[in-house]
Number of protein chains: 2
Amino acid sequence: MDCQPNCCSPEPDSEPLATLEGPEADESLAKLTKALGHPARVRILRLLARKEARVCSQIVDELPLAQSTVSEHLRILKEAGLVRSSDAGYCINFDGLRRLKALIAII
Amino acid sequence: MDCQPNCCSPEPDSEPLATLEGPEADESLAKLTKALGHPARVRILRLLARKEARVCSQIVDELPLAQSTVSEHLRILKEAGLVRSSDAGYCINFDGLRRLKALIAII
DNA sequence: TCATGCCATCGTTAATCGACGATAAGCTAT
DNA sequence: ATAGCTTATCGTCGATTAACGATGGCATGA
């Protein structure tokens with residue numbers, strides 16, 4: 001359960017951010033922002049970014065939400081590519097976050 | 001109906017971005033990203049950013065959506081502080097966009 | 001083996017969202 | 001004044017979301 005700089009295992013293999021313009025990019029950005037469009041999920045992402053939590057139960061302790069609800073929020077973040085999970089727990093998906101930042105930056 | 005560098009009238013008075021951390025910032029970021037969490041709204045924001053449209057009817061022409069739907073999307077963007085409106089039409093609210101970028105950047 | 005802790009999933013409920021047509025209000029020309 | 005254009009708002013309907021408790025599957029430690 002060691003913790004690299006980026007937590008979890010090393011990032012699989014940094015994708016080239018794909019396209020940043022056009023309808024596909026709009027979909028992509030909408031998907032990412034929609035996933036982040038809830039206070040609890042912003043909070044969760046921050047907790048993971050600061051490594052103040054790595055397992056679901058720790059996050060549950062930090063939030064006024066039931067375990068199943070937190071699990072669902074994590075699922076949404078993972079599905080959007082903002083979070084990854086391994087046997088060591090959850091961690092930020094820096095690729096996804098980078099892509100989000102890039103897509104926002106060029107609006 | 002002249003168009004300044006930032007379209008519409010000059011930005012009212014650049015707010016100091018307020019706080020970027022804490023529960024309030026989480027709410028704030030969630031609100032901004034939720035507003036952007038729909039492909040049509042991403043598209044609209046881009047159109048406004050590129051000044052490819054300034055009035056609602058132009059946006060309607062660009063999207064496969066009814067006028068009332070576009071109007072609603074504009075309302076949501078405006079309510080989130082990402083868009084402003086004047087008698088000259090709609091334009092990006094650069095303050096809001098800047099705040100969004102800042103909040104995202106420090107995650 | 002059996003208890004404990006961790007987590008995903010299911011089923012449910014209330015609330016919110018997305019989209020539309022219809023309608024009304026305001027402006028600008030004719 | 002009236003016709004046309006632009007936009008906001010209302011009511012509606014179906015789909016999606018947020019939240020919960022209950023349940024069950026896996027580990028690990030006793």
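1. Two residues count as in contact here if their C-beta atoms, placed from the backbone, lie within 7 Å. On that basis, 21 residues of chain B are in contact with 21 residues of chain A. Keep in mind that this is a predicted model, where local features need pLDDT of at least 70, side-chain atom pairs count only at pLDDT 80 or more, and totals for chains, interfaces and linings use all residues. Residues are numbered from 1 along each chain as its sequence is written, while chains are lettered from A and ligands numbered from 1 in the order in which they are written.

2. What does chain B bring to the side that touches chain A? α1 (22–36), α2 (39–49) and α5 (94–105) of chain B each give at least two residues, with helices being DSSP runs (H or I, at least four residues) numbered from the N terminus. The largest share, 7 residues, comes from α1(B). By class, that side has 12 nonpolar, 3 polar and 6 charged residues; Asp, Glu, Lys and Arg count as charged, Ala, Val, Leu, Ile, Met, Phe, Trp, Tyr, Cys and Pro as nonpolar, and the others, Gly among them, as polar.

3. Now the symmetry. Chain B superposes on chain A by a rotation of 180° with 0.0 Å of shift along its axis (RMSD 0.0 Å), so the two copies are related as by a two-fold rotation axis.

4. One backbone detail to look at: A:K51, in the loop between α2 (39–49) and α3 (56–62) of chain A, has a positive phi near 60° without being a glycine. B:K51 has a positive phi of about 55°.

How values were computed. Least-squares fit on C-alpha atoms with pLDDT ≥ 70 in both.
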